[in-house]
Amino acid sequence: MGLDPGLRRLALGTLLAAYPGPVPPDWAVDLLADGLAGHTLFGTNVHDPAQVAASTAALRAGRPDALIAIDEEGGDVTRLAHATGSPYPGNAALGAIGDVALTRRVYQSIGAELAALGITVNLAPTVDVNTADDNPVIGTRSFGADPVRVAAHSAAAVTGLQAAGVAACAKHFPGHGATVTDSHHELPTVDAPLGLLRQRDLPPFAAVVAAGARAVMTAHIRVPSLTGADPATFSRAVLVDLLRTEYGFTGTVITDALEMKGAAVAAGGVGPAAVRALSAGADLLCIGARVDASLVERVAAEIVDALTDGRLVTARVEEAAGRAADLAAWTRAASGSTATEDTELGYAAARRAVRVDGLLTGLGQPLVVQLHTESTIAEGRVPWGLGPHLDGVPEIRVIATETDPATLRGLAGDRHIVLVGRHLHRLPGGPELIADLAAQHPVTVVEMGWPAQWRPADVRAFVTTYGASHANGRAAAEALGLVRTLRH
């Protein structure tokens, strides 16, 4: 016996799916016609701008008000520029610059690019206050460690995006910045009292609500003082009592991807996770990146089953679908924005973010060594570093734990060594390799990850870019004097 058509359509109205490849398959379009709220685009869906625009047009053939979302944060997390790296610096760089008007302009430019391609929801900005130097998933995606600064830039980012006609989705409520594990792989815990959360983690969310953010994304994190043993995505105390009642948010609550282990394992699968998230007060459920028609149907069936067996109340799911529909209506009304994209703005901003401790003199034609760093799932495998920007300067890539310092010194000869890495303070073998080299050879270090307090001894200079985007790499190469012409 099939699902009740009305209940199936209601359930689909709460789901944000995805599909593989650059061309939307028929099922992805057909589900939109059946009531699916929308799709999220990932790097595998993106080849070039014309192709993306064609894809969004094909999706809207299924339903004109379909939500089409993407994670386009700038900096280290980009989908549109996944093949080259983003032309914009990320939040850490913008926070370091401290120019709120610039942050607004950068996000308006990102929004203009998205709008031109038919994308209506940006799953950004990240407004977490990154207070843990070893945070493996937020880092340079944060505007910084100061709640006041993060709040100001978060509000500016939301304002910029929405001025371009793209709905902003601030993330990850109630704050992922104090975690030291990645919710893609496990359920992190933030063991802090509510009073500390109000001082440290929550001010940026209050700021984006005040700025009119159309959506807020939940975090798959456990906050015992609020959520008990469950993730925030399944907590009514977080989504209703705190976000809606205390902070007055009236927009759409979007979940982080339910396929992530921080949610799926806690609930016993994506379908049960969807039911628990809806029950807690979420409105639009991001299923994840690895999605096909059968998975969407299984999740919809789980919601329908929950409606019939009493785990879900019909009024709650109608409320959720209504808020998803309200978000779609806003995006259609805002689609006439005349904002324009300005990628040169991103390169100029990245230059302003570069910080240099020490002297950048006498580099000549150095040996540039990039220390391999694993990418997070959020970042994906996006090119980074100085390589694309170097003008006739050799570069090699090594794994720190597998590299003999004497070998590098031999390759360098009498040339300076420039070591480029991300999150070097916690890179296995990184600090030891740098210390060994710097004790016997002229070394400059370029840190393109989160700017921790760690500084290696004996290096000639320590360069911080606050991110590893294409724009950040260009800015670093220019600061080192290793590039003459702008090519991007």
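User: What should I know before we start?
Analyst: This is a predicted model: local features need pLDDT of at least 70, side-chain atom pairs count only at pLDDT 80 or more, and totals for chains, interfaces and linings use all residues. Residues are numbered from 1 along each chain as its sequence is written, and side-chain values use heavy atoms, with hydrogens and water left out.

User: Which domains does the chain have?
Analyst: The assignment gives domain 1 (5-334) and domain 2 (354-480), with bounds that come from an automatic or database domain assignment. Taken over C-alpha atoms, their centres are 34 Å apart. Domain 1 puts 33 residues into the contact and domain 2 puts in 24 residues; contact means heavy atoms within 4.5 Å.

User: What volume does the largest pocket have?
Analyst: About 790 Å³. A pocket here is an open set of points on a 1 Å grid over the protein atoms alone, with protein on both sides within 12 Å along at least five of seven lines, and lining residues have an atom within 4 Å of a point. Grid points are joined across faces, edges and corners, and the volume is the space filled by probe spheres set on the points.

User: Which residues are closest to its centre?
Analyst: Of the 40 lining residues, those are Phe-42, Arg-79, Glu-259, Ala-289 and Ile-377. The lining splits into 16 nonpolar, 13 polar and 11 charged residues. Nonpolar means Ala, Val, Leu, Ile, Met, Phe, Trp, Tyr, Cys and Pro, charged means Asp, Glu, Lys and Arg, and the others, Gly among them, are polar. Domain 1 and domain 2 each supply at least three residues of this pocket's lining.

User: How many cavities are there of 30 Å³ or more?
Analyst: Three. A cavity is a set of grid points where a 1.4 Å probe fits but cannot get out. The largest cavity has a volume of about 60 Å³, and its lining includes Gly-75, Asp-76, Trp-384 and Arg-422.

User: Switching topic, which residues touch the most other members in the largest nonpolar core?
Analyst: Leu-15, Ile-119, Leu-285, Val-296 and Ile-303, out of 98 residues in that core. Helix α13 (residues 293-309) gives the most to this core, with eight residues. A second, separate core has 20 residues, including Leu-363 and Val-420. A core is a set of buried Ala, Val, Leu, Ile, Met, Phe, Trp, Tyr and Cys residues joined through side-chain atoms within 4.5 Å. Helices (H or I, at least four residues) and strands (E, at least two) are DSSP runs, numbered from the N terminus.

User: Is Arg-141 buried or exposed?
Analyst: Arg-141 counts as buried because its relative accessibility is 7%. Buried means under 20% relative accessible area, exposed over 50%, and partly exposed in between (1.4 Å probe, protein chains only). Arg-141 sits in the loop between β4 (121-122) and α6 (147-163). Beyond neighbours within four places in sequence, its contacts include Glu-73, Lys-171 and Ala-378.

User: And where is Ala-438?
Analyst: Ala-438 belongs to helix α17 (residues 430-440). Leaving out residues up to four places away in sequence, Ala-438 touches Val-443, Ala-457, Asp-458 and Val-459.
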